[in-house]
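Dear colleague,

Please find the structure below, with the sequence alongside. My notes on what was found in it follow directly after.

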Amino acid sequence: MSRDRGLRRLRRRRILDTCVLVTALSLTAGGCVVVHGERVVLPTTTRAEAAEALAEFTAAYNKADKAYDGSLDAGHTTGALADIDSARLKAGRANSPQGNPRHTPLELTDARFTIPAKAGWPRWFVADADGNKGGAARWLLVFTRDALDEPWEAAYLTLIAPDDIPEFETDEDGWAEAVPANSADVAVPPGELSREYAAFLKDGGDVFADGPHTSSWRAARAKKSQRPGLATQYIDEPVTNGDYAPLALRTKDGGALVFFTTRHFEKQTAAAGASVPTPNKDVLALTTGEIKQSLTMEFVSNEVALAPADGAVRVLGRIQGLTSAKGE
């Protein structure tokens, strides 16, 4: 029997458990056994279903991007990616109601799927593919769902260099290991990375290794804050609940590859007699209020980081998008 056929049989058993939520299914017919669905460790999906989820996401993403219509892929995104994507499409729609004149269909090829075996919800997996956008970087997407009758939704999207993708720990059947949010066997527990990253951006420190998304980003912010006649302030917040919860996979060296979310605010305030630089049309499309003396922009960012068993955490990739702005 193939792994996928065997998995389908196990998933049929899981469906029965779902019908009664977290209550154990107890059948009175002779010979039946009690199955506690929330405790059974199973692969979160099949490779065929993962490939189908990626194809459905890509098709919906292309339709939404072509029409600048967020309703066309709203059922295929969630969490940080949904916030970033829906705001991008809203701005595009406001500035180009007839659709995206620069639309080029996204093509994802050479897809590889890392599927953890785990108990409980959410179920999730990672897709890693070559894209026709983003240069030589690989596209990493994390798909999640909270019930068997729900569609797979992409919660995280990052682009990273192929050489930065680690080898994952897998069992004899090729299923990966999910790392719990409170795992203490890595340098920073996955559930703490968002908070640690927000603290690092404010105060620095040695939790994160130098790189474009850590030390270099802090340096760029500091330089921007020194512009004459314009005060720039930053506030960084961790985001860890619900669809924004961090997700992590065990790597072969004992570390973890972690996907997590943060929120960032940037406020520009002009000195007396000066004015805030005029933002571009996409920012204006997401701005409420009148920009007189200040502009506050809100961004959502999703990151992927490598947390080793010991040592500094490396932020491998980050995609950030403006979600709203307010003029005062």
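Asp 110 counts as partly exposed at 41% relative accessibility, where partly exposed lies between buried, under 20% relative accessible area, and exposed, over 50% (1.4 Å probe, protein chains only). This is a predicted model, in which local features need pLDDT of at least 70 and side-chain atom pairs count only at pLDDT 80 or more, while totals for chains, interfaces and linings use all residues. Residues are numbered from 1 along each chain as its sequence is written, and side-chain values use heavy atoms, with hydrogens and water left out.

Asp 110 is found in strand β2 (residues 108-114), strands being DSSP runs of E with at least two residues and helices runs of H or I with at least four, numbered from the N terminus. Although Asp 110 is not a glycine, it has a positive phi of about 50 degrees. It also forms a salt bridge with Arg 112, with the closest N and O atoms 3.2 Å apart; a salt bridge here is a side-chain nitrogen of Lys or Arg within 4 Å of a carboxyl oxygen of Asp or Glu. Arg 112 is itself partly exposed, at 46% relative accessibility.

Arg 112 forms a salt bridge with Asp 128 as well, the closest N and O atoms being 4.0 Å apart. This pair links distant parts of the chain, since Asp 128 is in strand β4 and Arg 112 in strand β2, 16 residues apart. Asp 128 is buried, with a relative accessible area of 9%.

Another salt bridge joins Arg 250 and Glu 177, whose closest N and O atoms are 3.5 Å apart, and it too links distant parts of the chain, from strand β9 (residues 247-250) to strand β7 (residues 176-177), 73 residues apart. Arg 250 is buried at 9% relative accessible area, whereas Glu 177 is partly exposed at 34%. Salt bridges with shared partners join Asp 110, Arg 112, Asp 128, Asp 130 and Arg 138 into one network, and a search of the whole structure finds 16 salt bridges.

Two backbone features remain to be mentioned. Tyr 68, in the loop between α2 and α3 (79-95), has a positive phi of about 50 degrees although it is not a glycine, and this residue is buried, with a relative accessible area of 9%. A cis peptide bond, with omega about 0 degrees, joins Trp 121 and Pro 122, and Pro 122 is found in the loop between β3 (116-118) and β4.
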